[in-house]
Amino acid sequence: STKTNYYLIESQQQLEKFKKKNKKNFFMINSINFCRFYNSEKKTINNNYFVFLDSEIERTYDEQLLKNKRSLINKEKYWNCMDNIFSNLQSKFRESEIKIAAHHRRNFNNRPIARKFYFDKTLELVKNSKLVIAHHSQAIEWAVHSNKPILLINFEIFDSMTLTISRAIETYHKKLSAKILRVDLNYNYQIKRNFFNNFFKINKQKNKKFKNYYLNFNKNDFLFENQWQTISR
């Protein structure tokens, strides 16, 4: 409803769009996720556990906001499927623990399966993990910054909610060559024989390209500045 005087942009992708439109009223800043990662104290290490980035997908924010009593996702079937996937991973990699990074809107008393949920520790869990498991989450950015292998899990039921979730998951799969496991409408999935081949391998070239294009800039002279420091300057 009002005309924008200035734009704050966070990536090379946005920069190229603005230049293409010949817009000059913008400032380049670091994103919140970028700042939190690069200004965090602990170095990236590999501990022998896998972390799942919970998105509370079984009860979305929109559904809670609109007080919908019904959800498109069957909570019990969804979490039974996820628990089964976790068990299969632990069966294959026997010494690896599964840690669940609880979504920031999840109630502490709402822990749907008998596994440990970790609250307010997502960045730390990602940086120190051996593998990151996710659907569609902004915290995937930390997995990319940490150069961690990613396992994407795409449920067909997501398309009944919004097409953007599956599109984002498939984009991560394509752009990063990340492993992907697809689950059908009956909450069933198949793991092919060669699925675990090169399971922890990442494409470093694609990772670097993704970081410099979607998560930051090709050239960044204000690497450790947060948004307000840049705006103030």
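Figure 1. The protein chain exposes about 14600 Å², and carbon and sulfur atoms supply 46% of it. Accessible areas come from the Shrake-Rupley method with a 1.4 Å probe; for residues, only the protein chains shown count as cover. The model is predicted: local features need pLDDT of at least 70, side-chain atom pairs count only at pLDDT 80 or more, and totals for chains, interfaces and linings use all residues. Residues are numbered from 1 along each chain as its sequence is written, and side-chain values use heavy atoms, with hydrogens and water left out.

The protein chain holds ten helices and eight strands. Both are DSSP runs numbered from the N terminus: helices are H or I with at least four residues, strands are E with at least two. The radius of gyration is 19 Å, close to the 17 Å of the globule rule for 233 residues, so the protein chain is as compact as a globular protein of that length. That radius is taken over C-alpha atoms, and the rule is 2.2 Å times the number of residues to the power 0.38. The C-alpha trace spans about 50 × 40 × 30 Å along its principal axes.

Of the 233 residues, 45% are buried. Buried means under 20% relative accessible area, exposed over 50%, and partly exposed in between (1.4 Å probe, protein chains only). Among contacts between residues at least 6 apart in sequence, 66% join residues at least 24 apart; a contact means heavy atoms within 4.5 Å.

**Figure 2. The open sheet.** Six strands line up in the order E5-E4-E3-E6-E7-E8, with parallel pairing. E5 and E8 stand at the edges with a single partner strand each, so one side of each has no neighbour in the sheet. Two strands pair if DSSP finds at least two bridges between them. Strands of a sheet pair through backbone hydrogen bonds, either parallel or antiparallel.

**Figure 3. Strand E3 and its partners.** Strand E3 covers residues 49-53, and five of its five residues are buried. Tyr49, Val51 and Leu53 point one way from E3, while Phe50 and Phe52 point the other way. E3 pairs with strand E4 (residues 97-101) in the parallel sense over five bridges. Tyr49 has Glu97 as its bridge partner in E4. E3 also pairs with strand E6 (residues 131-134), in the parallel sense, over three bridges. Here Phe50 stands opposite Leu131, and Val51 stands opposite Val132.

**Figure 4. Two loop residues with positive phi.** Most residues other than glycine have a negative phi. Asp120 has phi near 60 degrees. Asp120 sits in the loop between strand E5 (117-118) and helix H5 (122-127). Its relative accessibility is 74%, so Asp120 counts as exposed. Ser177 has phi near 55 degrees. Ser177 lies in the loop between helix H8 (163-176) and strand E8 (179-183). With a relative accessible area of 41%, Ser177 is partly exposed.

**Figure 5. Gln227 and its contacts.** Gln227 belongs to helix H10 (residues 227-232). At 15% relative accessibility, Gln227 counts as buried. Leaving out residues up to four places away in sequence, Gln227 touches Ile29, Asn30, Ser31, Ile32 and Cys35.
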